[in-house]
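Subject: Structure handover

Hello,

Here is the structure for you to look through. My notes on what turned up in it follow below.

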Amino acid sequence: MPRHPFITISAVFLFGVVGAVPACGNGGEQSDSRSPMPPGDPPPPAAVPAVAERPDAPADAPAPAYSQGETTAGEAAGVGWTVPARWEVQPPRMMRMATYLIPQAEGDDEPGECAVFFFGQGQGGSVDLNLQRWRDQFETESGGPPTLAQRESTINGLTVTTVSLAGTYLASMGPMFQSGAVKKPGYKMLGAIIEAPDGNVFVKLTGPEKTVLDAEGEFQGFLNSLRK
């Protein structure tokens, strides 16, 4: 019996599709620098879902490089946000959902950084626990704990707790992320804990004090752009 041309063509097409699957690359991996935990080092879950910096990008796509000034967006735990135009999207880093470079202010030695963390539903610790951990990452000139300015508000239906700290930053460094491995005086931090639909999202902006003060309005704009 002669072969039906439709069957032959379909078989070739199916074989071609199946053969092409292994050629696809692995998805991009999200990251973290500081400590494998939110601002204050809670234990990470076994796996962290990837996040696309563009709403229309697949979740496993590598983080794209955007030019400064281009409008970008991010999302995690059921919330999305818009990235301030001056902030530069950085490559993926371990345990982070996103990292943004904050241009340094005139006279400062280095730029600032804003990191976004999400460790899974129920992971990362309570709001109060993380506020204390953030406070422990700073000290005054005398070595004591700094004053922590704290505020809770509702932004587009989301409960957001914000904090502000200043002093010597006890930066976490090394393979074990030892707190205080590097001390950076004259630093400031703006932090936010977003109670998102799928779990807490932690946002931590740190840098030289003048650089962070210059970005304070942008940080608030970032929070105001939060949406479910």
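A polar contact here is a pair of N or O atoms within 3.5 Å, where one must be able to donate a hydrogen and the other to accept it. By that rule, the side chains of Ser-164 and Lys-188 make a polar contact of 2.9 Å. Please keep in mind that this is a predicted model.

Ser-164 sits in strand S8. Apart from residues within four places in sequence, Ser-164 touches Thr-147, Leu-148 and Ala-149, and also Lys-188, Met-189 and Leu-190.

Now the overall layout. The protein has four helices and ten strands. Read from the N terminus, the order is α-β-β-β-β-β-α-β-β-β-β-β-α-α. Of the 228 residues, 43% are buried. Among contacts with a separation of 6 or more, 59% are between residues 24 or more positions apart. The accessible surface is about 11,700 Å², and carbon and sulfur atoms account for 56% of it.

Next, strand S5, residues 112–117. Five of its six residues are buried. S5 runs antiparallel to strand S4 (residues 98–102), with five bridges between them. One of the residues bridged to S5 is Ala-98, whose partner is Val-116. S5 also pairs with strand S10 (residues 199–208), again antiparallel and over five bridges. There, Phe-117 has Phe-202 as its bridge partner.

The largest nonpolar core has 30 residues. Trp-81, Trp-87, Tyr-100, Val-116, Val-201, Val-203 and Leu-205 touch the most other members. At least two residues each come from S2 (79–83), S4, S5, S8 (158–173), S9 (178–196), S10 and helix H4 (216–224). S9 gives the most, with four.

Which residues does Leu-205 contact, beyond its neighbours within four places in sequence? The list includes Trp-87, Ile-102, Cys-114, Met-189, Leu-190, Val-212, Ala-215 and Phe-219. Glu-113 and Lys-188 are on that list too. A second, separate core holds 16 residues, including Val-127, Leu-131, Ala-171 and Ile-193.

On to the rings. There are eight aromatic pairs. Phe-117 and Phe-119 have ring centres 6.1 Å apart and planes at 15°, so this pair is stacked. Phe-117 is buried, at 0% relative accessibility. Phe-119 is buried as well, with a relative accessible area of 0%. Phe-138 and Tyr-169 form a tilted pair, with 5.1 Å between centres and 35° between planes. Phe-138 is in strand S6 (residues 138–139) and Tyr-169 is in S8, so the pair ties together parts 31 residues apart in sequence. Both Phe-138 and Tyr-169 are buried. Ring pairs also link Trp-81, Trp-87, Tyr-100 and Phe-222 into a cluster.

Last, Glu-110. This residue is in the loop between S4 and S5. Is Glu-110 buried, exposed or partly exposed? Its relative accessible area is 27%. Buried means under 20% and exposed means over 50%, so a value in between counts as partly exposed. Glu-110 is therefore partly exposed. Its side chain makes a polar contact of 3.2 Å with the side chain of Lys-184. Leaving out neighbours within four places in sequence, Glu-110 is in contact with Gln-104, Lys-184, Tyr-187, Pro-208 and Thr-211. Glu-110 and Thr-211 are 101 residues apart along the chain, yet their C-alpha atoms are separated by 8.6 Å.

Best wishes

Technical notes: Residues are numbered from 1 along each chain as its sequence is written. This is a predicted model: local features need pLDDT of at least 70, side-chain atom pairs count only at pLDDT 80 or more; totals for chains, interfaces and linings use all residues. Side-chain values use heavy atoms; hydrogens and water are left out. Buried means under 20% relative accessible area, exposed over 50%, partly exposed in between (1.4 Å probe, protein chains only). Two strands pair if DSSP finds at least two bridges between them. A nonpolar core is a set of buried Ala, Val, Leu, Ile, Met, Phe, Trp, Tyr and Cys residues joined through side-chain atoms within 4.5 Å. Contact means heavy atoms within 4.5 Å. Accessible areas come from the Shrake-Rupley method with a 1.4 Å probe; for residues, only the protein chains shown count as cover. Rings of Phe, Tyr and Trp (its six-membered ring) pair if their centres lie within 6.5 Å; planes under 30 degrees apart count as stacked, over 60 as edge-to-face and the rest as tilted.
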